[in-house]
Structure formats: structure tokens, C-alpha cells
Amino acid sequence: MYDKDSLAKVRCFLLDMDGTFYLGDQLLEGALRFIDVLHQQGREFLFLTNNSSKDSQQYAEKITRLGLSIPREKVLTSGEATAIHLQRQKPGARVYIVGTPALENEFVERGFVLTPEMPDFAVLGFDTTLTYAKLWALCDLARAGVPYIATHPDYNCPTGTGFMPDIGAMIAFVKAATGREPDLIVGKPNRLFVEIAAERVGVPVSSMCMIGDRLYTDIALGDTAGIPTILVLSGETQADEVLMSPHQPRYIFQNLGEIADDLSTVGSLK
């Protein structure tokens, strides 16, 4: 199924988490075997998630509990990437955040001042602690012309029992009330997210491959970043949805276990 010459050039696999590596509190089939194959072949991996409701330490701890011991540096969230990007734009800026305490902490750790008063940026994350007051304040800032940044565009977040509304619903709320879309959405499918990931791993963007379960984020990343993509059918996307999508994966597998089986026939990194 693979173009072996193309696969041989991949030095780092970017791995989505929800719906790709695990679902709820259960590892998905072949997840650990896939990592074992990468270790055996001398390839890198980095967990790349749009979910900004938790920070990289929380995700690293969860993955460790599930059976793969990793440091927080092996996880890059859209929230952390947003903080990194804005830190480069204006260090120590004043920021209003609609997000969880974990997202707020990402910004505090990087020296930002969190305040609703005359902020330099308004940041919207996947806020599972959302209140009407937070959305109201964000809408006021959007109407006032404050630069408005969203961490990612996902409509739903997969869970062990279905899906929960994600940041896309919040973006729609703000647009309905103010007419404004975010000025920037940092997470997948923005190439910016991959560039920050490449800096962390120390490899060029061109040597990466994205694996995920969503067409409009994970697979769309292939179009914006110019990298190959692998769709797994263990999360949000069903097989019959692929043909109708403008974003086409290079490969489709049921899960990471199938990818591990196929990758094992390629051999070590060349």
C-alpha cells in the first residue's frame, strides 16, 4: 500500500492523539506496536494535538499511564504553539484568554499578562470551563478590533461514548454575534503548527508525515504543509466520507497497528 521510496524519507511521524492513539482512556489497536517499530527503525515521533483544553504535561502523564512513558517535550498542543507564536510576536503581551486553567498556565509560563483590560490579543481555546460571561467579553473585544486568535478549528472532540462540541462551535458563536472570524487559527491545518513542531524535533518539515483521524484538520495539513498524510479510521472519519472531501489522504488504514505492519516491511530509516 505504501510508496516505499516515499516512506523511506520520513524521519518524523506527527501523531494525533484523540481518535488516533487513544480514545477516552483506552489505547487504540496497535498504538504501542507502532511506536516500537519507529524505535526499531530510528524514526522520530511527536504527538501533535489540536486539543488545547489540556497542556503537554497532562497529555504526557496520560500517555504514560496508558503504557508509553514520554516526557512533555514529546507532546505539542495547539495551545502551546499559540503561546510560542504570540511570544515571538510580542513578548510579555497582555492577553485575554477564553480557555481552561491549563491553557492559561501555558501563557503565564511564557511571561504573558492575563487580563480582560486592554489586551493586545484575545485568545480562544477549547474551553471546557466555558461561561456566558467569557464569551460575552470575547465578543466585546472582537467588536473593538482586538486581534482575535483561535488555537484550532475543530468542531467536535471524540470521546469514548461519542463526541463533545469543540472550539468550532465557540467560533461560530462569536461570528454570529460580531461578524468576525479569528484573525489566525494556529492549530492543524495551519502550516505554522508544523513549523513549530519541526523546530522542536530538529528535522525539516519536508521529512515529516501526519497521521490522524480528521479530514479537515489532520489530512488538510498535507495540503498546507506539503507533507504526506495517513488517515486512520479509528476516530471521527468514516470511510465513505473520504471521497467527498477536498482533502485526500495519501494512505488510509484502520488503525496504527495496520500502519506498523506495513511500515515494518520498509526497513530502517535511509
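Tutor: For the charges, Lys and Arg count as positive and Asp and Glu as negative, while His and the chain ends are not counted, and the place of a charge is taken as NZ of Lys, CZ of Arg, CG of Asp or CD of Glu. On that basis, the mean positions of the 24 positive and 34 negative charges of the chain lie 5 Å apart. This is a predicted model, in which local features need pLDDT of at least 70 and side-chain atom pairs count only at pLDDT 80 or more, whereas totals for chains, interfaces and linings use all residues. Residues are numbered from 1 along each chain as its sequence is written, and side-chain values use heavy atoms, with hydrogens and water left out.

Turning to the cysteines, a search of the whole structure finds 0 disulfides, a disulfide being a pair of cysteine sulfur atoms within 2.5 Å. The closest cysteine sulfur to that of Cys12 belongs to Cys209 and is 9.6 Å away, too far for a bond; Cys209 likewise is in no disulfide, its nearest cysteine sulfur being that of Cys12. Cys12 is buried, with a relative accessible area of 0%, and Cys209 also counts as buried, at 1% relative accessibility, where buried means under 20% relative accessible area, exposed over 50%, and partly exposed in between, with a 1.4 Å probe and protein chains only.

As for the setting of these two residues, 56% of the 270 residues of the chain count as buried, and the C-alpha atoms fill a box of roughly 55 × 35 × 35 Å, taken along the principal axes.
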